Amino acid sequence: MEAWRAPQAELDALLAARHADPFALLGPHPAPGGLVVRAFVPHAEFLDVVAEGARTPLLRRHDAGFFEGLVVGARRPLAYRLAARNAAGAWEIEDPYRFGPTLGPLDDHLLVEGTHRRLHERLGAHCMVHEGAAGVRFAVWAPNAARVSLVAGFNDWDVRRHVMRKRVDSGLWEIFIPGIGAGQPYKFAILSRDGEEQPWKADPFGLAAEMRPSTASLVAEESDFSWGDGDYVATRAARQSRRAPISVYEVHAPSWRKHPDGRFYSWDELADSLIPYVAWMGFTHIELMPVMEHPLDASWGYQPIGMFAPTARMGDARGLMRFVDAAHRAGLGVILDWVPAHFPRDPHGLIRFDGAPLYEHADPRRGSHREWGTAVFDYGRREVAAFLTSSALHWLDRFHVDGLRVDAVSAMVWLDHGRAPGDWAPNPDGSTDNKDAIAFLRNVNALVEEEHPGAVMVAEEATSWPGVTRPAEKGGLGFRYKWNMGWMNDTLRYVQLDPVHRRWHHQLMNFSMMYAYSEDFVLPLSHDEVVHGKGSLIGRMPQGRSPDNWERFATLRAYFAFMWAHPGKKLLFMGGEFAQWREWSEERELDWGLLQFAPHANMQRLLRELNLLYRDLPALHARDAEPEGFRWIDADDAEQSTFTWLRFGAKGDPPVAVLCNFTPVPRVGMRIGLPRAGRWREVLNTDAVCHGGSGMGNLGMVEAEDVPHRGFPASATVVLPPLASVWLVPETADQPREDKDGA
């Protein structure tokens, strides 16, 4: 028997998909007199090596399709093709096992060290030219695996065909498949260390995925995209600074609008409809609920499988790029919700990826969130932290988004947040902060600031964690903004009360000013406030005694104006701007038909006016994070349920006086203190007829006298309409823009 023939035991292991190192068996290998070439080509009855103009037939060792033979006089590297034949025909293929590695020792080192900032550029599936051949490199991290096979449409989903090369120093597995390109579906078939076949896994670094319910990853098209947003990106830092007006429209892209047959709008269709709408409404940003691939529609994207893949629901990655580019050209920023707090337990996902806890913490008290039914990332494992960091940078790099809103930060930084006794364990010193998660958040926030100056990281953090928006070097987490969940909870509780009871709960509306400057806040009325049986915003307002819901609409108008004049950036979930009655559901589009009715169209007009005034009047945004930008006129009028205050901008900017009445009783002849005498224009009145109100007000103007009042040098008597908010600006100020576009 020829010395170069493969041992039967190795052949049997290969055919059973149990060979520990197929690259040591398959492909070209030195042998006496030349190179022995071995190949596994199912369905082939004959196989030749075609190289340098010559054909060398190989011996068929097994009917399953294993061939081997000596190419006399050949030396490595040998560029060859395999010519196969059977009764049905003939075909040629490139042999993946003739190619060398595509990854190097630096990749191993940086992965293990946890400092590889862009793992997504090395792992996953990438079209490339390698050793002169065009194809796709596949690479995956699975250190506990005994075998990883690439299974795909191009290999008939056969676990034996393309067993990958293991890089023992890092637990990376890789293979280069020549002759294929973008669009190919694939998964990884993993044999665990103890010999158990695992559910086939989607690629953790996959850049595209099949439309649910299919679960395979797709080789993505990565050609350059021609961006036209250079001017916007150049001014992004100023547009998103603490002194900028930021008004965010939160959107669930699959349900903002839908086709009559239930199909999702594509990214291009959303670019043609959503972007002009948001720009016309005067918002500065669109915040997209997670667009990362996720298996369950009802999770709204908050249980993602593909941390690098845009969901296939609205189209491909280039469609999302076109959407962001169009938003920037229209002067709108785009923020993505990003979920590094947990991941679902779907078998094709990250859970027990290589047969053991890998991405999740091995201790279920840290690696599991029972209430959510999800797994929790192991932030202390360097490779996992690098995976998540790469995900964050990927969306900023490749899609030009302007920031990430990090979901569920409270559940990350606190070991016991949302967990029952017994479901969590404290640190050895008894403390309850998750030190690994804190270190991860600080690091990713610092990297984003370093690599994408001007991009913002926004925390959904619902506790009193100190210093969420403080720089990491000063002991903070390093976020740019934090959602003010306390303000949202308190003020919604207040406006849901019957007006007769509000006097007893006055502090719910003014308490936020006790901590307003402890963080850089966003005031959120998000999707969380219109789901899970909470109803819609308009539905939560008290009915009152009017049969036509007048008090409900009036209260919501007054509340919106209260919010837009309160220190903090703004966020409103879609549908709230026109007072949708039904609770939001991802299964249907918004109730756009309501806009044919005056109360809803008037609410939409008011929101537009609020946004335009907010942007035009620096006092309403420039000093959101500075105590000097706010002064109470009267915070303590609980008996009448009124709140009055002043907002200030920089020197020379006109102040804005804000007057809010949360009872249906008009306050006529009410005296308020003001910083200067003279005429003050009524630039906003939520009780104006054009907004659906009664038309009560100050005839567009109040006259402040040199009569001191409550510590102010001047004062005026005003009419404060029922369930209304009024904004006043000194007459010397430039006239804010008029709404000439209609509703």
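## Close-ups of a predicted chain

Of the contacts between residues at least 6 apart in sequence, 71% link residues at least 24 apart; contact here means heavy atoms within 4.5 Å. The model is predicted, with local features needing pLDDT of at least 70 and side-chain atom pairs counting only at pLDDT 80 or more, while totals for chains, interfaces and linings take in all residues. Residue numbers start from 1 along each chain as its sequence is written, and side-chain values use heavy atoms, leaving out hydrogens and water.

**View 1. The whole chain, before we zoom in.** The C-alpha trace spans about 115 × 55 × 45 Å along its principal axes. Count up the secondary structure and you get 16 helices and 35 strands (DSSP runs numbered from the N terminus: H or I of at least four residues for helices, E of at least two for strands). Of the 743 residues, 60% are buried, where buried means under 20% relative accessible area, exposed over 50%, and partly exposed in between, with a 1.4 Å probe and protein chains only.

View 2. Look at strand 24 (residues 456-459) and strand 25 (residues 481-483): they run parallel and are joined by two bridges. Opposite Ala459 you'll find Lys482 of strand 25.

**View 3. Arg366 and its surroundings.** Arg366 sits in helix 8 (residues 364-367). Neighbours within four places in sequence aside, its contacts are His361, Val376, Leu415, Ala425, Pro426 and Asn427. With Asn427, there is a side-chain polar contact of 2.8 Å (a pair of N or O atoms within 3.5 Å; within protein, one must be able to donate a hydrogen and the other to accept it, and residues adjacent in sequence count only if both atoms are side-chain atoms). Asp378 is 12 residues away from Arg366 along the chain, and their C-alpha atoms are 8.0 Å apart.

View 4. One links Arg76 to Pro77, with omega near 0°. Pro77 belongs to the loop between strand 6 (66-72) and strand 7 (81-86). Another joins Arg212 and Pro213, with omega about 15°; Pro213 lies in the loop between strand 14 (185-192) and strand 15 (217-218).

**View 5. His43 and Ser641, each with a positive phi.** Neither is glycine: phi is near 80° for His43 and near 55° for Ser641. His43 falls in the loop between strand 2 (34-40) and strand 3 (46-51), and is exposed, with a relative accessible area of 56%. Ser641, in the loop between strand 28 (630-634) and strand 29 (642-647), is buried at 2%.

Terms used. Two strands pair if DSSP finds at least two bridges between them.
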